[in-house]
Amino acid sequence: MFYDQDKRSQEIGSILKTARVERRVSISKCAALLGTTRRRYTDMEAGKSRLAFVEVEFLCMYLKIPLASLYIWSEPQRVHRVFIRSGDLVQCIVGMEEPYH
């Protein structure tokens, strides 16, 4: 599998931008939190400037993005048994992703 770092930088930047816009946080605020310029932060969201892991981790925490949601692969999931009582509300969420190419 060929890992395209530029493509992944763009994908991660897009996720960060979407979360920032949805939470109505300014570019200036995010740049200031990281101690960087607005220009570099804009380049990060566009995938033109690489982010350090600690920057990604901090932004995910601040923007309330589950860090695991950025992973492009995951371990096979185990089946879990859950016992419920009559009348309990149950919500099942199943996520299926295509493999990264």
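This is a predicted model: local features need pLDDT of at least 70, side-chain atom pairs count only at pLDDT 80 or more; totals for chains, interfaces and linings use all residues.

Student: What makes tyrosine 62 partly exposed?

Tutor: Its relative accessible area is 32%. Buried means under 20%, and exposed means over 50%. The value lies in between, so tyrosine 62 is called partly exposed. A patch residue needs over 30%, and tyrosine 62, at 32%, passes that too. Its place is in helix 4, residues 53-63.

Student: Why is lysine 48 called exposed?

Tutor: Its relative accessibility is 67%. The cut-off for exposed is over 50%, so lysine 48 counts as exposed. Lysine 48 sits in the loop between helix 3 (38-45) and helix 4.

Student: Why does aspartate 43 count as buried?

Tutor: Its relative accessible area is 16%. Buried requires under 20%, so aspartate 43 is buried. Aspartate 43 belongs to helix 3.

Student: What is aspartate 43 in contact with, leaving aside neighbours within four places in sequence?

Tutor: Lys48 and Ser49. Contact here means heavy atoms within 4.5 Å.

Student: Which residues of helix 2 are buried?

Tutor: Ile27, Cys30, Ala31 and Leu34 are buried in helix 2, residues 27-34.

Student: How do you know that they are on the same side of helix 2?

Tutor: From the arc. They cover only 100° around the axis, so they lie on the same side of helix 2.

Student: What covers the buried residues of helix 2?

Tutor: The cover includes helix 1 (5-22), helix 3 and helix 4. After helix 2 comes glycine 35, with a positive phi near 70°.

Student: How many helices and strands does the protein chain have?

Tutor: Four helices and zero strands. From the N terminus, the order is α-α-α-α.

Student: What share of the protein chain counts as buried?

Tutor: Of its 101 residues, 28%. The accessible surface comes to about 8400 Å², and 55% of that belongs to carbon and sulfur atoms.

Student: Among contacts between residues at least 6 apart in sequence, what share joins residues at least 24 apart?

Tutor: The share is 60% in the protein chain.

Key
Residues are numbered from 1 along each chain as its sequence is written. Side-chain values use heavy atoms; hydrogens and water are left out. Helices (H or I, at least four residues) and strands (E, at least two) are DSSP runs, numbered from the N terminus. Buried means under 20% relative accessible area, exposed over 50%, partly exposed in between (1.4 Å probe, protein chains only). Accessible areas come from the Shrake-Rupley method with a 1.4 Å probe; for residues, only the protein chains shown count as cover. The arc is that of the directions from the helix axis to the C-beta atoms.
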